Amino acid sequence: MFESRVAVTYEIVAHHRDQTMVFDLKTGSIVKSLSHVAGSTMAAAISPNGESLLTACTDGLVRHWNSSDLELIQELPLTILENTFCSMSITFLDDNKFATGTGNSHWIWILTLDSKEQYSLQACSKVHCIAAISSMSLLAGLSNGNIEQWDVSSSKVRKIFAGHRSRVGSLAKINDALFASGSLDKTVKIWSMHTGSCIHTLSGHTDSVGAVVYLPNDKLLVTGSDDKSIKI
């Protein structure tokens, strides 16, 4: 399945198997197919200032690209791990710090582009997706159907959002008060950051929901499912 991230430069990064392509959002044309990619690219993220693009591959490397010319800047090995792993999700916390997680472990890794900081957080279940909600806080979607809100500075869970019946595979911040989640249980849920409660459930898909993206300029929520549909 293709996954996409909307960039502040109005480009879309799509990743599938051994290809990482950058598309122009307005024309739909391919801007560039990224080289230096070994294995399958599983996740991509663009920094808040729009200057950096990260891709995470099954070879255990996070690659840092200049988003203006799409040239490779550096390769960041996840040396905190004993074994090479497949990063299933990656998100920027600020322009230098980012988080990444894998679907086959309970760990979330916090790293910086300048390699000055690297540490881990241990969730209560396998981590399938992550999303930043501020420079100091992130959400983690778990295999048990829960979503954990982490305070990155203290390495503590601040809140648990419970309601999905199966694995949470996608997360999207809507604003400072709300976020959305997609799950293997075929639903999309809208959550209150403040109360921790689900305020709305979208049940239009007939298979697992693997992608949730919020478009702030249009105030639209886009969902992609294994039922081969995209809903807005």
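Before the structure itself, one term: two strands are said to pair if DSSP finds at least two bridges between them, and strands themselves are DSSP runs of E with at least two residues, just as helices are runs of H or I with at least four, both numbered from the N terminus. What you have on the screen is a predicted model, in which local features need pLDDT of at least 70 and side-chain atom pairs count only at pLDDT 80 or more, while totals for chains, interfaces and linings use all residues. Residues are numbered from 1 along each chain as its sequence is written, and side-chain values use heavy atoms, with hydrogens and water left out.

Let me begin with the chain as a whole. It has 23 strands and zero helices, and of its 232 residues 49% count as buried, where buried means under 20% relative accessible area, exposed means over 50%, and partly exposed lies in between, with a 1.4 Å probe and protein chains only. The chain exposes about 10800 Å², of which carbon and sulfur atoms supply 49%; accessible areas come from the Shrake-Rupley method with a 1.4 Å probe, and for residues only the protein chains shown count as cover.

Four strands form an open sheet in the order 9-10-11-12, with antiparallel pairing, and its edge strands, strand 9 (89-92) and strand 12 (118-122), each pair on one side only. From one strand to the next, the twist averages 20°, with axes taken as lines fitted to C-alpha atoms, for helices over the stretch in contact, and angles running from 0 to 180 degrees between N-to-C directions. Within this sheet, strand 11 (residues 107-112) runs antiparallel to strand 12 and is joined to it by five bridges, and there Leu-111 has Gln-118 of strand 12 as its bridge partner.

Further along comes strand 13 (residues 127-134), where seven of the eight residues are buried, so this strand is largely enclosed by the rest of the structure. A hairpin leads from strand 13 to strand 14 through two residues; the two strands run antiparallel, joined by six bridges, with strand 14 covering residues 137-142, and Ser-134 has Ser-137 as its bridge partner in strand 14.

Which residues make the nonpolar surface patch of about 340 Å²? They are Leu-220, Ile-230 and Ile-232. Of these, Ile-230 is found in strand 23 (residues 230-231) and is exposed, with a relative accessible area of 66%.

Terms used: Patch = residues over 30% accessible without salt bridge, like charges linked within 9 Å, V, L, I, M, F, W, Y side chains within 5 Å. Salt bridge = Lys/Arg side-chain N within 4 Å of Asp/Glu carboxyl O.
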